[in-house]
Amino acid sequence: MTTVRIRVPATSANLGPGFDALGLALTLYDDVEATLTAEPGVRVSVAGEGAGEVDLGEGHLVVRAMREAYARMGTPQPAGIALRCVNRIPHARGLGSSSAAVCAGILAARALSDGGLSDDEVFALATEMEGHPDNVAPCLAGGLTVAWTDHAGAARMVKLAPDERVRPVVVIPTTRLATETARGLLPKDVPHKDASFNAGRAALLIAALTSRPEPELLLAATEDRLHQPYRAPAMPESARLVERLRAVGVPAVVSGAGPTVLAFSSPDTQDLIAPEVGNDWHIQQMDVDPVGANVQFPETR
């Protein structure tokens, strides 16, 4: 049997104005151990997030990603796959759990196969399966990423190093929200003035996160008019929390499609967050993960 272990980070996409483009890797991880076995079939065990809820067979997202990767490489599908998943990334909360699973599966298949996929091909396949590159990019590369799709339809990304003073705080609710539901609330067209507003704020956010993470600058840089106002009816508690935090000077946004709220903490604002958060939320201070997905080979048996 051959085994590989993959550690994949949680991610926060959009970061306010960077809709479908900006993403940040966080120090919260899912661990996946994949083993190829001579015994036919798929066996999956899950501990932590998703235990008792997710498919434990061919429908498991990591397994599906492995299958897609083997097909893309043109190598034979393995006779048997055994997965052991230890999940810490909450599901359907806007922290990139599905991107993490997709990336873990593709990287596991690449590591266990002689067929090979380049890093660009891994990114392309993960984006294809996930639908958008903004969560996939930071999950694979770590740090702060800018992702886009070129004129040929290929996913691209640039990795940036956030200033070491950037301290993300995630505020996670007990409620869930499917990405498809949140995306379905977006209008087909937006006013030109709102698009211009977000372009300026997204550019400012890159500067703030990489060199000047002062609360006042981040507060202005995280303003958004393209997606959060339209999604607010689906997550009113998250929208109200963002408003409360911003009203006291804390740069706060909806993480990804929500309903988790992402705030940027500093010595001046860290004591302002907890008083605005109710008991139904879990507050977790994190750092920015600098490296992204990690692949390790334990002893081969």
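This is a predicted model: local features need pLDDT of at least 70, side-chain atom pairs count only at pLDDT 80 or more; totals for chains, interfaces and linings use all residues.
Figure 1. Is leucine 15 buried or exposed? With a relative accessibility of 0%, leucine 15 counts as buried.

**Figure 2. The largest pocket has a volume of about 900 Å³**. Its lining comprises 42 residues. Which of them lie nearest the centre? Those are Ser97, Ser98, Ser99, Glu130 and Thr179. Several elements each supply at least two lining residues. Among them are the strands β1 (2–13), β2 (22–37) and β4 (80–87). The helices α1 (61–73), α2 (97–112), α3 (119–130), α4 (133–141) and α5 (179–184) also belong to this group. The largest share comes from α2, with six residues. By class, the lining has 16 nonpolar, 15 polar and 11 charged residues.

**Figure 3. Helix α2 is largely enclosed by the rest of the structure**. This helix has 16 residues. From first C-alpha to last, α2 reaches 23 Å. That is close to the 22 Å expected at 1.5 Å a residue. Why is α2 described as largely enclosed? Because 13 of its 16 residues are buried.

Figure 4. Which element gives the most? That is α3, with four residues. Nine of the lining residues are nonpolar and four are charged. No polar residue takes part in the lining of this pocket.

**Figure 5. The structure holds one cavity of 30 Å³ or more**. How much space lies in the largest cavity? The space is about 50 Å³. Arg165, Val166 and Arg167 are among the residues that line this cavity. The lining also includes Pro213, Pro215, Leu218 and Pro251. Phe264, Ser265 and Ser266 belong to the lining as well. The elements that give two or more residues to the lining are α7 (215–221) and β9. By class, the lining has six nonpolar, two polar and two charged residues.

**Figure 6. Glycine 50 and glycine 57 lie in the loop between β3 and α1**. Strand β3 spans 41–48, and glycine 50 is in the loop between this strand and α1. At 6% relative accessibility, glycine 50 counts as buried. Its C-alpha is separated by 29 Å from the C-alpha of leucine 117. Along the chain, glycine 50 and leucine 117 are 67 residues apart. Glycine 57 is buried too, with a relative accessible area of 16%. The cut-off for buried is under 20%, so this value of 16% qualifies. How far apart in space are glycine 57 and proline 215? Their distance is 46 Å, C-alpha to C-alpha. In sequence, glycine 57 and proline 215 are 158 residues apart. Proline 215 is one of the residues lining the largest cavity.

**Figure 7. The peptide bond from glycine 258 to proline 259 is cis**. What is the omega of this bond? The angle is near 5°. Proline 259 lies in the loop between β8 (252–254) and β9 (261–265). Strand β9 also gives residues to the lining of the largest cavity.

**Figure 8. The charged end of arginine 225 sits over the ring of phenylalanine 197**. This charged end is 3.7 Å from the centre of the ring. How many aromatic pairs does the structure hold? The count is zero.

Conventions. Residues are numbered from 1 along each chain as its sequence is written. Side-chain values use heavy atoms; hydrogens and water are left out. On a 1 Å grid over the protein atoms alone, a cavity is a set of points where a 1.4 Å probe fits but cannot get out, and a pocket is an open set with protein on both sides within 12 Å along at least five of seven lines; lining residues have an atom within 4 Å of a point. Grid points are joined across faces, edges and corners, and a volume is the space filled by probe spheres set on the points. Ala, Val, Leu, Ile, Met, Phe, Trp, Tyr, Cys and Pro count as nonpolar, Asp, Glu, Lys and Arg as charged, and the others, Gly among them, as polar. Rings of Phe, Tyr and Trp (its six-membered ring) pair if their centres lie within 6.5 Å; planes under 30 degrees apart count as stacked, over 60 as edge-to-face and the rest as tilted. A charge sits over a ring if NZ of Lys or CZ of Arg is within 6 Å of the ring centre and within 35 degrees of the ring normal. Buried means under 20% relative accessible area, exposed over 50%, partly exposed in between (1.4 Å probe, protein chains only). The expected span of a helix is 1.5 Å times one less than its number of residues.
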